[in-house]
Amino acid sequence: MPGKITEEKMSNNNKESYINPYLGGTLLGIVLFSAYFLTGGGLGASGAINRIQVFFVDLFAGGHVDQVGYFAKLAGGESNPLDAGIVLMLVGTFLGGMLSGLYNKRLKFETRKGPNISTKQRWLFAFIGGAVMGYGARFARGCTSGQALSGGAVLSVGSWAFMFCIFIGGYAMAWFVRKLWR
Amino acid sequence: MAPFDIVASLGKFIGYMVFLLIGLGFGAVLEMSGFGDSRKLAAQFYFKDMTVLKVMFTAIVVAMVLIFAFSALGFLDFGRLYVNPTYLFPGIIGGLIMGVGFIVGGFCPGTSIVALATFKIDGIIFAVGVAFGVFVFGETVSIFQGFHNSSYMDRFILPELFGVSTGLMVLLVVIMALVMFYWADRAEKFFGEKMPWKEIKILPANFKKIAASAVLVFFALFVLFSGQPTPEDKWNRIGEKEVKKLENRDIHIHPGELLEVMNDPMLYTTLLDIRSETDFNLFHLENARRITFENIHDSDFMKELSAAPDNTVVAVMSNNETDAQEAYKLLRGQGVLNLYILSGGINNWLGVFAPDASIAVKGEQGAGVSEESFQYIFSRAVGSTIGASNPGLEKGRELLEHSGIKFEKKVKIQKKKALSGGCA
C-alpha cells in the first residue's frame with residue numbers, strides 16, 4: 001500500500017515485543033493501586049528529580065539553597081532532600097526500566113528521532129523539551145505520573161483538568177513540530 | 001486498615017524498600033509498554049499510535065476501581081489517601097506547558113527515566129533538561145508566587161464537582177474511558193495503518209476486550225451499589241483501641257482542664273457544641289461553635305475542621321454527654337485528631353463555674369426529664385456574654401481550689417501526619 005512504503009513508521013511496534021497497551025495499563029493500574037494501598041500516596045517522578053537536583057545544587061552552593069525558599073524547604077540547613085520515599089521510588093523506576101530493557105534486549109545506546117532531523121537537532125530539542133517539562137511539572141505540582149495518573153485515579157479535579165491540558169497542549173503543538181517526528 | 005504509614009510502622013529500611021519495589025514495577029511496566037521510545041510517545045499526538053492514551057487511562061481506571069471497591073468494602077480508608085490538592089489555574093497552565101514539552105522533547109519525566117535506564121541518549125538529555133527546568137522554576141517561582149498559589153481548592157474530587165455519588169462518578173469515568181478506547185483503536189487504524197474508513201469494523205472483534213470491559217463495568221457497578229462508608233461505618237470499623245479509649249473515659253476532660261486549654265496561648269481550641277439552638281443561645285462557652293449531626297456528615301464542614309493548625313484541641317460538648325459521645329464517634333471515625341468530650345457537659349461546667357444566681361439557677365431534676373436536658377434555668381439568654389463562658393485562668397483556678405475539685409489531665413497533642421504523594 002502506497003501510504004506505508006515511503007514514510008518510516010512513526011512507531012516501531014512491528015519489530016519490538018511491546019506488550020499490549022491495555023495489558024500494560026492494567027499492570028500499571030495495579031502498581032498504582034498498590035502504591036496507594038501500601039503508602040497512602042501514588043506514583044511520581046518530577047518530585048524526586050526535584051529533590052535530586054536540589055541535592056546537587058546544595059553540594060556546590062549550600063548557602064544559595066538556604067536562601068531560595070523553594071529549595072530551602074527540601075535542603076535548607078541540615079535537611080537531606082534525598083531522604084524521602086519518592087526518591088527510592090525513582091531509583092526503583094530506573095532499575096525496573098533497566099531490568100525490563102535487559103530482559104527484552106532493548107538496552108541500546110541510540111537516539112530515537114524522526115527521519116527528517118539530525119541526531120544533534122534531536123538532542124537539542126530533547127533538552128529544550130525536558131526543560132519545559134521540568135518547569136511545567138513544578139508549576140502544576142506534578143507530572144504525568146504524579147498528577148495525571150495518580151491524581152486521576154483518586155478523582156482529583158485539578159489532576160483531571162491538568163491531564164486534559166497536557167493532551168490539549170501536545171496536540172496543539174504537534175503540527176508545528178511535525179518535522180521532529182515525521 | 002490500609003493505607004499504611006510504612007516508614008512509621010516498619011522503619012525506614014523496609015519502608016524505603018517498599019517504595020523501591022513499587023518503583024521497580026512502575027519502571028518495568030513503562031518499559032514493557034514501549035515508553036522508553038520517544039518516537040512511540042510522540043506518535044500519540046499524531047493519532048498514529050494511541051498507546052499513551054490507552055496505557056494512561058487504563059491504569060487510571062483500573063487503579064480507581066480497585067481503590068473505591070476496597071474502600072466500599074472497608075479495607076482502605078480513602079480519607080487517608082493523598083489526593084493532589086487542586087490549584088486550578090496553575091494546574092491548567094502547567095498542563096499546557098507540559099503538553100508542549102512532551103511533543104517537543106518526546107518524553108515526560110517518568111518515561112525519560114526509563115529511557116535513561118535503557119541507554120537512550122535522547123532520554124538522558126531530556127532528563128538532564130528536566131532537572132534544569134526544575135532548577136529554573138525554583139529560582140524564579142518567587143516572582144509569580146501569587147499566581148502559583150492561586151485558585152486553591154484543597155482536596156476536591158470529581159463527585160463533589162458534579163454533585164454525584166462517588167460510585168456513580170466511578171461508573172461514568174469507566175464508561176468514558178471505554179468510549180475513548182473504542183475511538184482510539186479506530187483512530188490508530190485510520191491514521192496509523194491508513195485503513196480506509198469504511199473498512200474499519202464497527203464492533204471490536206476482540207473477545208478479550210469485550211470481556212475486560214465487562215469486568216470493569218461490573219466492578220464499577222459494585223462500587224456504585226455498595227456506596228462508600230458513612231461516618232457511622234467508619235466508627236464501627238475503627239478498632240478496639242479507640243473503643244476502649246472511649247469506654248475508659250480517656251478522652252473525657254473535666255471542665256477545669258478545658259478551662260486551661262481554652263486559655264493556653266500555645267494552643268488553638270475548637271469548641272463544638274451539639275445542643276439545640278435554644279440551649280446554645282441561653283448559654284454557651286466563649287467562641288463555641290454550634291454544630292448539628294448533619295454538619296458532621298458534610299464533607300465541606302469536615303474539610304474545614306481538618307484544616308485547623310496542628311496544635312488545635314477539639315472539644316465536643318452537649319448538655320450531659322449522650323449527644324457529645326455520638327458526635328465524638330462520628331468525628332473520630334473520620335480521623336479528627338486531639339478530640340475530647342467535655343465531661344458532664346455544659347451542666348457540669350455550670351456546676352463548677354456557677355453563674356450568679358440572678359442569671360441562672362439549677363433546676364430540679366424532674367422525673368420526665370430527657371437525657372440531654374439543660375438543667376439550668378436562665379433569666380435571659382446570655383449566649384457567651386457572662387463570665388461563666390470563660391472565667392479565665394485566675395478566677396477559674398481560684399474557684400476550683402476553693403471547691404477542692406481535683407481532676408486528671410488527659411489532653412495530649414497528637415501531631416497530624418502530613419499526607420504526601422508521589423510528586424511532592
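**Exercise 1. Burial along a helix**

Which residues of α9(A) are buried?

*Solution.* The model is predicted: local features require pLDDT of at least 70, side-chain atom pairs count only at pLDDT 80 or more, and totals for chains, interfaces and linings use all residues. Residues are numbered from 1 along each chain as its sequence is written, chains are lettered from A and ligands numbered from 1 in the order in which they are written, and side-chain values use heavy atoms, with hydrogens and water left out.

Step 1. Helices (H or I, at least four residues) and strands (E, at least two) are DSSP runs, numbered from the N terminus. Buried means under 20% relative accessible area, exposed over 50%, and partly exposed in between (1.4 Å probe, protein chains only).

Step 2. Locate the helix. Helix α9 of chain A covers residues 157-174, which is 18 residues.

Step 3. Read off the buried positions. They are V157(A), G158(A), S159(A), W160(A), F162(A), M163(A), C165(A), I166(A), F167(A), G169(A), G170(A) and A174(A).

**Exercise 2. Helix spans**

Compare the end-to-end reach of α9 in chain A and of α9 in chain B with the expected values.

*Solution.* Step 1. The expected span is 1.5 Å times one less than the number of residues.

Step 1. Helix α9 of chain A reaches 26 Å from its first C-alpha to its last, close to the expected 26 Å.

Step 2. Helix α9 of chain B (residues 166-192) has 27 residues and reaches 37 Å, close to the expected 39 Å.

Step 3. Just after α9(B), K194(B) takes a positive phi of about 55°.

**Exercise 3. An overview of chain A**

Step 1. With contact taken as heavy atoms within 4.5 Å, residues 24 or more positions apart account for 52% of the contacts in chain A with a separation of 6 or more.

Step 2. The accessible surface of chain A (Shrake-Rupley method, 1.4 Å probe; for residues, only the protein chains shown count as cover) comes to about 7900 Å², and 64% of this belongs to carbon and sulfur atoms.

**Exercise 4. Salt bridges**

How many salt bridges does the structure hold over all chains, and why does the pair E110(A) and K120(B) join two chains?

*Solution.* Step 1. A salt bridge is a side-chain nitrogen of Lys or Arg within 4 Å of a carboxyl oxygen of Asp or Glu. The structure holds 21 of them over all chains.

Step 1. In one of these, E110(A) pairs with K120(B), the closest N and O atoms being 3.7 Å apart. E110(A) lies in the loop between α6 (85-103) and α7 (119-139) of chain A, and K120(B) in the loop between α5 (109-117) and α6 (121-140) of chain B, so the pair joins two chains. K120(B) is buried, at a relative accessible area of 5%.

Step 2. R332(B) and E242(B) form a salt bridge at 2.8 Å, N to O. This pair links distant parts of the chain, since R332(B) is in helix α17 (residues 322-333) and E242(B) in helix α12 (residues 240-247), 90 residues apart. R332(B) is buried at 12% relative accessibility, and E242(B) is buried at 10%.

Step 3. The side chains of R275(B) and D273(B) meet in a salt bridge of 2.9 Å, N to O; both residues are buried. Salt bridges that share partners also join K54(B), D185(B), E188(B) and K209(B) into one network.

**Exercise 5. Positive phi**

Are K105(A) and N338(B) buried or exposed?

*Solution.* Step 1. Most residues other than glycine have a negative phi.

Step 1. K105(A) has a positive phi near 55° and is found in the loop between α6 and α7 of chain A. At 75% relative accessibility, K105(A) is exposed.

Step 2. N338(B) has a positive phi of about 50° and sits in the loop between α17 and β7 (339-342) of chain B. N338(B) is buried, with a relative accessible area of 5%.
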